[in-house]
Structures are given as C-alpha cells and as structure tokens.
Amino acid sequence: MKALVIPTPEIKQINGLKIQDLAIPDIHEDEILVKLHAVGLNPVDFKLVSGHHPNWTYPHTLGLDAAGEVIKVGSINPKHFKLGDRVFYHSDLSKDGCFAEYAKTNYRCVAKIPDSVSYQEAASVLCNGMTAYSAIHRKMNLTGKKTILIHAGAGGVGSIAIQLAKIAQLKVFTTVSTHKIDWVKQFKPDHIIDYKTEDTTQKILELTDGVGVDLIVNTVGPEEAQKDLARLAYNGALMTIVGEPKLDDYNLSAMGQSVLSVNLGGAHQHNNLSQIDDLAVMAEKLGNLLATKKLHSIITKTIDFDEIPSGLKDLLDRKISGKIIATF
Ligand SMILES: NC(=O)c1ccc[n+]([C@@H]2O[C@H](COP(=O)([O-])OP(=O)(O)OC[C@H]3O[C@@H](n4cnc5c(N)ncnc54)[C@H](OP(=O)(O)O)[C@@H]3O)[C@@H](O)[C@H]2O)c1
C-alpha cells in the first residue's frame with residue numbers, strides 16, 4: 001500500500017516526508033482495518049513531523065483523522081463492525097497513522113458515519129471538531145452562562161466551536177485575522193473582533209459592559225491565555241487548548257474562575273478506556289450534527305493524497321481557513 005511516511009528519526013521537516021510502499025497492517029484481536037477514503041490534516045501532524053514520538057518505529061506513517069470503509073475486523077468486536085461499514089476516528093499519535101491506503105486502529109475510538117454524511121465531511125470534524133466538542137460539552141459547565149469568546153474563529157477548532165456555541169444558544173464573540181473575516185461570517189458569530197487591528201481586551205469589555213465573558217476557548221497559546229484573564233467574568237471558565245496562563249500573581253479563587261484544558265489524544269496515551277470510548281461518542285455526536293445540517297461544512301480545500309505535504313505546509317503557514325481534506 002501507499003503511505004506517507006517519516007522515513008527515519010533524523011527527518012524533522014515536511015519536505016523530508018516520502019510516499020513509500022508498505023505492507024498492509026496486520027490487526028490485533030481488538031483492532032479493525034480500514035480502507036481510507038478521506039483524511040483530515042491538522043496542526044498536530046506538522047508538530048509531530050518536527051517533534052516525533054518516542055514509541056515510533058521507522059518508517060512512521062503520519063496522520064490521525066481517518067474516514068473509510070471497514071475491510072477486516074478482529075475477534076473482539078463488541079461494537080459489531082461489519083465489512084463495508086463506513087467509519088471515522090481520531091487515532092493514537094504514538095502509533096502508525098492514516099495517511100495511507102489502509103490503516104488499523106482499536107475498535108473503541110471508532111464511530112459509524114451517518115448515511116447522508118460524506119467521507120470528506122466526516123474526516124473534517126475529528127481532531128478539531130472533537131476538541132471543540134470536548135471543550136464545550138465535556139469540560140465547561142454551560143449552566144447560567146451567556147457569553148463565550150472563541151479565539152481563532154477561522155481555525156479548524158474555532159469554526160466548529162462557534163457553531164456548537166451558537167447551537168447551545170451562547171452569545172459568541174470570536175477573534176479572526178482581517179482576511180479570514182468574510183469566511184467566518186457564514187457561522188453567524190454575534191461579534192467578530194479583527195485581532196490584527198483591534199484591541200481584543202478593550203473590545204470584549206466594551207461588548208460586555210465591563211463584565212467580561214463567561215467562557216473562553218483559546219487555541220492560540222499561553223500568551224493569549226494570559227491576556228484572557230482580564231477578559232473573563234466572575235465565575236468564568238477559560239479553556240486552554242495550547243497552553244495555560246501563569247497564575248502565580250493572579251487570584252483565580254477570588255474571581256471564582258476555572259482554567260481548564262483539553263488534550264484530546266491523551267485518552268489514547270493514558271490508556272483511559274472510558275475516555276477512548278468517549279472519542280467515538282463525540283465523533284458520533286458530530287456526525288449526527290452534520291447529518292441533521294445543524295453543523296455546516298468547514299472544508300475549504302480538498303487535495304489528493306500525494307499533495308498532503310504541500311497541504312501541511314499551507315496549514316503551517318496559516319494560509320487556510322477551515323479545513324483541508326485529502327482523498328484517495
Ligand atoms: N490540545 C489538544 O488536544 C488540541 C486538539 C486540537 C488542536 N490543538 C491545537 O490547537 C491549535 C489550533 O488548531 P486548529 O486545528 O484550529 O488549527 P488551524 O486550523 O491551523 O487554525 C489556527 C487558526 O489560528 C489563527 N490564529 C493564529 N494566531 C491567532 C491569534 N493570535 N488570535 C486569533 N487567531 C489566531 C490562524 O489564523 P490567522 O493566522 O490568519 O490569524 C488560524 O485560523 C493548534 O495549535 C493545534 O495543534 C490542540
């Protein structure tokens with residue numbers, strides 16, 4: 001089979017990736033083998049190219065977000081997957097991935113794709129969609145909360161988070177860079193802040209009568225998370241996806257606030273079976289939202305398998321709004 005690999009431990013750049021012919025993976029009793037139809041590209045893919053994982057053997061097959069057809073099932077198959085089932089999943093980054101014609105994974109994290117949802121659509125809501133879902137529906141308590149700031153609304157996580165927050169009837173503010181604003185408008189956030197030309201803190205305080213927002217989803221990083229503390233209301237929650245603020249000089253408890261975090265793939269790494277099962281539950285929820293048209297497509301570019309390296313480069317260079325999907 002064709003696979004996009006990091007050939008050796010020394011390769012740490014996207015231009016060192018190679019397409020190689022590898023054997024189709026053998027499965028263990030609790031795994032399934034999938035023929036890939038579409039895969040999603042994520043920042044974690046290029047981060048792994050430069051960072052690698054200590055458990056990898058080489059050549060290592062890259063890719064975490066998979067949508068395809070079941071072609072083999074193991075003897076342990078409590079979810080009763082059948083050959084030909086259309087499935088999708090976010091896989092374990094410490095193992096060989098899905099930028100290949102075939103990939104295997106543990107049955108636990110796998111969900112069925114609803115009939116009316118394409119492989120491409122399914123692949124577009126995995127790492128990013130499940131992170132947004134986990135932030136809003138697993139970590140934050142929405143009771144009594146009215147407002148949310150979602151950073152990077154044009155990103156894979158942000159554009160799904162805006163939609164989930166609107167479905168949850170929150171008032172949504174989002175930060176977007178100037179040239180991506182028009183694309184984000186389709187998701188109908190209540191207010192878009194152009195973070196390149198506006199002062200986000202000042203704007204949030206203006207928009208909330210000086211109170212701040214109840215909830216924040218931060219996919220930007222710890223520096224922005226530090227600034228978020230001044231934007232967060234009493235009893236608010238700050239969801240950090242890419243690093244926490246320093247709290248040494250901040251009285252979190254006086255404000256009744258929480259700082260939360262998401263590490264989606266950590267479920268695999270920590271062998272927490274109920275949380276691995278929950279990856280499939282969240283995929284299923286997102287699949288149903290797509291099937292019922294409550295969630296709108298964020299796919300902005302569909303490329304061929306061979307073009308994945310240039311797609312990853314575009315993602316790294318922040319050229320993309322929404323999501324790039326590769327098909328076979
Ligand atoms: N912890 C986890 O489990 C987890 C899971 C998923 C993703 N992540 C991480 O979360 C981050 C976002 O993922 P993604 O899939 O949404 O990436 P993405 O699709 O590449 O989107 C990133 C977005 O951030 C915007 N951006 C950059 N700096 C910004 C700033 N200062 N303020 C507002 N927006 C800014 C970029 O647009 P402009 O450059 O045009 O502004 C881009 O639209 C990545 O670092 C990813 O690795 C973590």
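Is H52 buried, partly exposed or exposed? H52 is partly exposed, because 16 other C-beta atoms sit within 10 Å. The legends below start with the whole chain and come back to this residue later.

This is a predicted model, where local features need pLDDT of at least 70 and side-chain atom pairs count only at pLDDT 80 or more, while totals for chains, interfaces and linings use all residues. Residues are numbered from 1 along each chain as its sequence is written.

**View 1. The whole protein.** Here you have ten helices and 16 strands; helices (H or I, at least four residues) and strands (E, at least two) are DSSP runs, numbered from the N terminus. The C-alpha trace spans about 60 × 40 × 40 Å along its principal axes. A compact globule of 328 residues would have a radius of gyration near 20 Å, and the protein agrees, with 20 Å. That radius is taken over C-alpha atoms, and the globule rule is 2.2 Å times the number of residues to the power 0.38. As for burial, 47% of the 328 residues count as buried. A residue is called buried if 20 or more other C-beta atoms lie within 10 Å of its own, exposed if 12 or fewer do, and partly exposed in between, with C-beta atoms placed from the backbone. Take the contacts with a separation of 6 or more, and 64% of them are between residues 24 or more positions apart. Two residues are in contact, or touch, if their C-beta atoms, placed from the backbone, lie within 7 Å.

View 2. The protein splits into domain 1 (2–124 + 265–327) and domain 2 (128–261), with bounds that come from an automatic or database domain assignment. Their centres, taken over C-alpha atoms, are 27 Å apart. Domain 1 puts 14 residues into the contact and domain 2 puts in 15 residues. On the domain 1 side, helix α9 (residues 273–291) gives the most, with five residues. By class, that side has six nonpolar, five polar and three charged residues. Ala, Val, Leu, Ile, Met, Phe, Trp, Tyr, Cys and Pro count as nonpolar, Asp, Glu, Lys and Arg as charged, and the others, Gly among them, as polar.

**View 3. Around the ligand.** The ligand has 28 residues around it, and A152, G155, G156, V157 and S177 come nearest. A residue is near a molecule if its C-beta atom, placed from the backbone, lies within 6 Å of it. Elements that give two or more residues to this shell are α1 (43–51), α3 (127–139) and α4 (156–167). Sorted by class, the shell holds 13 nonpolar, eleven polar and four charged residues. Both domain 1 and domain 2 give residues to the shell, so the ligand lies between them.

**View 4. The largest nonpolar core.** This core has 101 residues, and A66, F88, A123, I148, A161 and A283 touch the most other members. A nonpolar core is a set of buried Ala, Val, Leu, Ile, Met, Phe, Trp, Tyr and Cys residues joined through C-beta atoms within 7 Å. Its largest share, seven residues, comes from α9. Domain 1 and domain 2 both give residues to the core, so it lies between them. Zoom in on A283: leaving out residues up to four places away in sequence, A283 touches F88, Y89, A111, L126 and M130.

View 5. H52 sits in the loop between α1 and β4. Its phi is near 55 degrees, a positive value in a residue other than glycine. P59 is found in that loop between α1 and β4 (60–61) too, and a cis peptide bond joins Y58 and P59, with omega about 0 degrees. P59 counts as partly exposed because it has 18 C-beta neighbours inside 10 Å. Not counting residues up to four places away in sequence, P59 touches V5, I6, P7 and Q20. P59 and V5 are 54 residues apart along the chain, with 5.8 Å between their C-alpha atoms.

**View 6. Two exposed residues, H80 and K185**. H80 is in the loop between β5 (65–73) and β6 (86–90). With 8 other C-beta atoms within 10 Å, H80 is exposed, and its phi is near 55 degrees, a positive value in a residue other than glycine. K185 lies in helix α5 (residues 181–185) and is exposed, with 12 other C-beta atoms within 10 Å. The C-alpha atoms of K185 and A154 are separated by 9.6 Å.
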